[in-house]
Amino acid sequence: MRHHQIHRTAPLATFGIVLLFVATPGGVTSQFSILNSQFTAAAQTAAAQPPSASLDQLLRELSTYDGGIDSAAWWNLRDYVYARKDDDAGRTECEGKLLLFVKSKATPAARMAATRLLRIIAADSAVPALQAMLADDRLADLAIYVLQPMPGAAADKALLQALSSTKGATRVAAIAAAGERRLSDAVPVLAPLLSQPNVGKPAALALGAIGTEAAAQALAAAYAGATATSKPALAAGSMKCAERALAAGNAAAALGVYERLWADRALPDAVRTAAAVGRIAASGPGGAGVILELLATSDPAVHQAAIGRVRDTVAPGGVGPLCTMLPRLPEASQVALLASLSGYPREQVLPTILEAARSNAPAVRLAALRALPAVGDATTVSLLLETASTARGPEQAAARAALGGLKGHAVDEALAARLAKKPADDEEVELLRAIAERRFYPARPAVAAALQSASSKTRLQALESLRVIGTPSDVPAVLELMLKTADDTERSGAEATVSSLTQKVSRADQRAREVKARLAAEKDPDARARLLGLLPLVGDASTLPVLRAALDDTSPDVRDAAVRALTAWPTHEARDDIFRLARDSRNETHRLLAIHGLIRIIGVDRYRDPQAAVADLRLAAGFAWRPEEQKLVLGALGQFACKDALEMATGFLQEPEVKAEAQAAMERIGKALK
Amino acid sequence: MKKTRGFGRREFLKKAPLALAGAAAFPTIVKASALGRGGAVPPSDRIVMAGIGFGMQGPSNMRAFLGKSDVQWVAVCDLDDKPLGEAQKTVNDKYGNTDCKTYKDYRELYARGDLDAVSIAVPDHWHAILSIEAVGAGLDVFGEKPFTHSLREGRALCDAVKRHGRVWQTGSWQRSEDNFHRACELVRNGRIGKVRRVEVGLPSGHYDFAGTFGQEKIESPPPTFDYETWLGPAPWSPYCVARVHMNWRWNHDYGGGQLMDWVGHHLDIAHWGLGFDLTGPVQVKGKGEFPATGIYNSATRYWVETLYADGTPMVLAGGYPEIQSGTKWIGDLGWVWVDRGGFESQPAHLVHEVIGPNETRLYRSRDHQQNFLDCVRSRALTIAPAEVAHRSASVGHLGVIAIETGRAIRWDPARETIIGDAGAERLLARSYRKPYQVPA
């Protein structure tokens with residue numbers, strides 16, 4: 001394990017690293033692995049050698065520590081102690097001297113620093129000294145800090161004594177520590193404190209943490225005569241005891257506590273609600289009945305608490321009464337209960353949920369729809385389709401999610417059967433959406449057929465669904481739609497679908513096969529231009545020659561499309577083409593497109609040698625005559641952390657229009673180079 | 001959505017005619033949103049929220065909730081006047097009024113009586129006290145990770161959430177992000193076969209969030225900042241700028257360094273993918289490297305190895321380049337790796353696979369704050385409930401203990417005890433400075 005000394009030796013190691021690198025400029029990887037092993041060796045060596053200064057000296061150095069930056073003394077001490085903590089003699093020495101130090105006139109920060117170490121190493125031998133510290137206000141916190149987590153009976157005894165021998169805030173701390181340690185012997189000492197101001201609440205919480213039967217009895221006895229102010233803490237402690245009793249199998253004792261607290265209307269609502277939750281848990285099989293009883297009240301918070309326990313309490317066969325009660329509950333409670341019912345067997349709850357899905361209350365309908373994915377089946381499809389196609393907002397979203405999430409292949413079949421019946425447009429759209437969501441591939445032909453629907457909405461959804469379940473064999477049909485339609489949305493939808501489908505072709509050089517075939521057969525310049533526009537979306541490099549040839553086409557539209565396609569090409573394979581366009585094109589728009597494309601391509605290639613990337617960006621900058629493109633260059637420059645990039649960015653500082661971008665690039669590069 | 005008793009609808013309707021008569025003489029312009037128009041949820045149905053802690057994560061959590069139509073944010077609480085004032089202004093600007101109340105004492109906030117939920121984003125050492133008292137006051141909580149500052153506090157908080165029947169959401173928001181969800185579903189549905197090893201890469205070092213590194217000169221705290229309360233249950237230490245606000249996390253008295261900061265993210269995702277949400281490792285060992293000076297004492301570089309009961313080993317590491325940032329499950333048939341910026345697999349096509357409705361589906365949340373709000377209404381478990389958060393944080397706590405003791409820890413996740421090592425066991429809890437005590 002490495003200690004902080006490594007940071008101290010790190011500068012030497014770093015020098016070694018630089019030396020080695022300078023000496024052998026090649027083979028960086030092998031150098032790194034050598035240095036790594038040296039680093040590890042240094043770490044092991046350092047770990048084996050604790051500081052050579054004596055403990056007394058280390059403590060002297062620590063004694064003036066102010067808690068600030070100059071904490072080397074603390075780290076040295078830590079190393080010293082850690083090196084000895086598992087060795088009896090060493091540990092004993094450290095413990096003794098640290099205890100003395102903690103009581104010394106050293107700064108508070110120094111004494112706290114020493115106490116942290118005592119917390120790790122203190123054993124029974126430290127207890128007498130710690131116990132004595134409890135009587136001193138200046139030292140009591142430190143003593144508790146060490147005593148509270150210390151294992152063993154000696155620490156128990158010291159804290160037990162402190163419950164009687166200390167006063168004020170120290171006593172409160174000792175009470176809290178006794179609770180944290182589950183000190184059952186403390187119960188008789190804590191019980192009388194329950195009725196005392198200042199210590200009553202901590203004592204109640206501590207007894208709750210101890211959680212024994214005796215602690216529960218003490219709390220119950222105090223509760224009987226308690227004031228309204230002290231009751232909440234007593235109730236909190238009692239409930240913790242009840243939890244322990246329940247976990248130990250004593251449900252009757254736990255139930256007694258909860259019922260007593262539930263019956264006390266003087267308690268704050270939140271406490272009674274917790275008691276209600278406890279009643280359910282402690283009632284075992286009777287918990288379902290308690291839930292029904294609580295739901296029969298008019299208290300919304302109690303409803304919430306009861307409904308929150310339904311799934312853990314009500315058996316699948318016992319959910320009937322809840323289903324019967326649901327429609328009579330306030331809206332908010334119906335919403336909550338519907339969510340719980342979704343975890344139950346379909347045959348028990350589906351009718352209730354379906355009825356709720358037709359409620360007049362929007363929140364209840366929505367909750368029912370959200371419950372359906374878990375319990376719905378093929379018979380639910382009609383309702384969901386109707387809702388999905390007619391509702392808007394959250395209900396439509398919930399119906400769609402349900403259609404996509406219903407379990408069972410019967411649902412898939414039901415959807416496909418509905419689609420085959422040529423439903424109304426809105427319903428057809430929802431069916432196509434759901435089929436895709438469910439990845440129901442057997443319905444693909446029907447989805448593809450919907451591309452020829454008379455409804456634009458249906459065609460658009462078919463395009464979207466095919467992106468998910470379509471195959472490359474669907475590309476020709478999609479191309480047909482793309483070329484026929486005058487609707488821009490359909491056109492861009494078709495382009496996206498072609499792009500998705502062609503990516504499913506495993507051989508990259510075959511992805512554009514269908515597009516190329518259509519291009520070869522297409523005479524109309526407008527159609528050819530559109531097809532060329534698809535090629536960068538497909539990204540099949542075997543089509544680059546087609547694009548290059550199209551640069552010389554007789555149709556200006558086709559030439560323009562070829563330029564746009566080349567400058568939008570996604571990979572560096574088109575770099576040279578784009579470069580030539582940026583350099584040679586006489587069309588200003590084309591040159592701008594090319595410059596943008598060049599900058600983008602350089603930025604896309606993440607693994608490229610940074611110097612080469614910067615050289616290309618220099619060329620791009622050379623082509624750029626507008627500040628807009630120079631800003632793009634500077635933006636891309638920031639990705640390549642090397643001296644060349646820094647130099648290039650510096651050169652732009654003289655240009656007022658791009659100075660801010662140059663500074664930003666320099667900052668980014670500078671940070672990366674650090 | 002006040003769930004108070006007493007002044008119910010019937011009472012209001014009885015009193016309403018007088019109120020309306022008075023109002024008729026003074027025409028009032030009522031915002032459409034107050035009447036539930038324009039898609040707005042009427043105020044009476046909104047979830048009433050407040051926030052505690054606006055140093056770093058608090059403001060962005062609050063802004064996310066302010067963007068929800070079914071939330072009414074009514075108050076802010078912080079120990080420092082500056083972030084408190086800024087938070088108040090944010091709320092008032094949102095609603096176009098000056099109704100947002102400020103608090104320095106969280107107990108006064110909890111005592112308001114009109115809150116449904118509270119968002120808590122404070123230093124780790126205050127998580128347990130504020131949260132246990134919040135649920136004890138009948139509030140649902142959106143809390144931050146790590147769940148608590150010690151393992152024992154975590155159990156106490158889980159028990160309190162259950163005892164009071166409250167809804168808890170942890171700020172482990174990656175669970176509500178698509179990539180992480182999909183990655184976990186792939187693993188859970190056996191796409192990479194039996195998982196043989198998990199690697200969790202976390203950040204290393206100490207990051208200067210507040211720009212206060214080096215400002216460790218001991219001085220008096222500013223009068224606008226209640227430092228004594230900020231220290232709370234943590235051991236006393238003198239004030240310096242670098243100790244507080246955002247950078248507190250590098251000191252073990254208040255936080256747990258990068259390990260504890262991030263265990264609630266990438267380790268949490270690892271657990272989710274493995275189906276280990278409600279359990280923990282059976283063995284933990286670790287090593288760490290620490291600074292040589294300064295007040296930050298959490299490990300800057302660390303390596304923690306864990307072993308689970310089914311034999312799955314998991315490494316959590318920060319500062320070791322061989323462990324990639326994020327979560328990586330390595331199985332017999334390939335691997336899946338996911339991080340905030342990436343999602344890759346071997347074989348590569350796995351990342352495009354989608355799990356259908358007839359396979360194992362994991363809890364779906366597309367919006368972490370909205371999931372909390374939905375669960376406040378439905379009383380269902382959130383996507384990152386208390387027990388899950390506690391189990392994620394527990395691995396971090398055990399890692400810190402293993403590093404601290406230099407020993408391999410044997411852990412019983414069911415009973416939550418360390419086996420055969422009393423010295424390590426004592427580090428499961430923290431001693432509170434007087435007069436603080438773990439609430440019930």
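Modeller: A surface patch here is built from residues with over 30% relative accessible area and no salt bridge, with nonpolar side chains joined within 5 Å. Keep in mind that this model is predicted.

Biologist: Which residues make the nonpolar surface patch of about 290 Å²?

Modeller: B:Met56, B:Tyr207 and B:Phe209 make this patch. B:Met56 sits in the loop between β1 (47–52) and α2 (57–66) of chain B.

Biologist: Is B:Met56 buried, partly exposed or exposed?

Modeller: Exposed starts over 50% and buried ends under 20%. B:Met56 has 31% relative accessibility, so it counts as partly exposed.

Biologist: Now the sheets. What is the strand order in the open sheet of 6 strands?

Modeller: In chain B the order reads β3-β2-β1-β4-β5-β6, and the pairing is parallel. β3 (101–103) and β6 (168–170) of chain B are the edge strands, each pairing on one side only. From one strand to the next, the twist averages 20 degrees.

Biologist: How many bridges pair β5 with β6(B)?

Modeller: There are 3 bridges between β5 (residues 140–143) of chain B and β6(B), in the parallel sense.

Biologist: Which strands does helix α3 of chain B touch?

Modeller: Helix α3 (residues 81–95) of chain B packs on the sheet against β2 (71–77) and β3 of chain B. Its direction makes about 160 degrees with that of β2(B). Helix α5 (residues 127–136) of chain B also packs on the sheet. That helix touches β1, β4 (117–120), β5 and β6 of chain B, and its direction makes about 175 degrees with that of β4(B).

Biologist: What is the order in the open sheet of 9 strands?

Modeller: It runs β13-β12-β11-β7-β10-β9-β8-β14-β15 in chain B, with mixed pairing. Look at the ends. β13 (342–346) and β15 (417–418) of chain B each have a single partner strand, so one side of each lacks a neighbour in the sheet.

Biologist: How does β14 of chain B run relative to β15(B), parallel or antiparallel?

Modeller: Antiparallel: 2 bridges join β14 (residues 409–412) of chain B to β15(B). B:Trp411 stands opposite B:Ile418 in β15(B). Helix α11 (residues 386–405) of chain B packs on this sheet. Helix α11 of chain B touches β8 (283–289), β9, β10, β14 and β15 of chain B, at about 60 degrees to the direction of β8(B).

Biologist: Which strands does helix α9 of chain B lie across?

Modeller: Helix α9 (residues 257–274) of chain B lies across β7 (195–202), β9 (301–307), β10 (313–318), β11 (326–331) and β12 (334–339) of chain B. Helix α9 of chain B runs at about 155 degrees to β7(B).

Biologist: On to charges. How many salt bridges are there over all chains?

Modeller: The count is 67, over all chains. One of the pairs is A:Glu395 with A:Arg365, at 2.9 Å, N to O. A:Glu395 lies in helix α25 (residues 394–405) of chain A and A:Arg365 in helix α23 (residues 362–375) of chain A, so the pair ties together parts 30 residues apart in sequence.

Biologist: Is A:Glu395 buried or exposed?

Modeller: A:Glu395 counts as buried, at 14% relative accessibility. A:Arg365 is partly exposed at 22%.

Biologist: What about A:Asp86 and A:Lys85?

Modeller: Their side chains meet in a salt bridge at 3.5 Å, N to O. A:Asp86 is exposed, at 60% relative accessible area, whereas A:Lys85 is buried, at 12%.

Biologist: Which residues are linked in a network of salt bridges?

Modeller: B:Arg155, B:Asp159, B:Glu387, B:Arg391 and B:Glu416 are linked that way.

Conventions. Residues are numbered from 1 along each chain as its sequence is written. Chains are lettered from A and ligands numbered from 1 in the order in which they are written. This is a predicted model: local features need pLDDT of at least 70, side-chain atom pairs count only at pLDDT 80 or more; totals for chains, interfaces and linings use all residues. Side-chain values use heavy atoms; hydrogens and water are left out. Two strands pair if DSSP finds at least two bridges between them. Helices (H or I, at least four residues) and strands (E, at least two) are DSSP runs, numbered from the N terminus. Contact means heavy atoms within 4.5 Å. Axes are lines fitted to C-alpha atoms, for helices over the stretch in contact, and angles run from 0 to 180 degrees between N-to-C directions. Patches are made of residues with over 30% relative accessible area and no salt bridge: like charges are joined within 9 Å, nonpolar side chains (Val, Leu, Ile, Met, Phe, Trp, Tyr) within 5 Å. Accessible areas come from the Shrake-Rupley method with a 1.4 Å probe; for residues, only the protein chains shown count as cover. A salt bridge is a side-chain nitrogen of Lys or Arg within 4 Å of a carboxyl oxygen of Asp or Glu. Buried means under 20% relative accessible area, exposed over 50%, partly exposed in between (1.4 Å probe, protein chains only).
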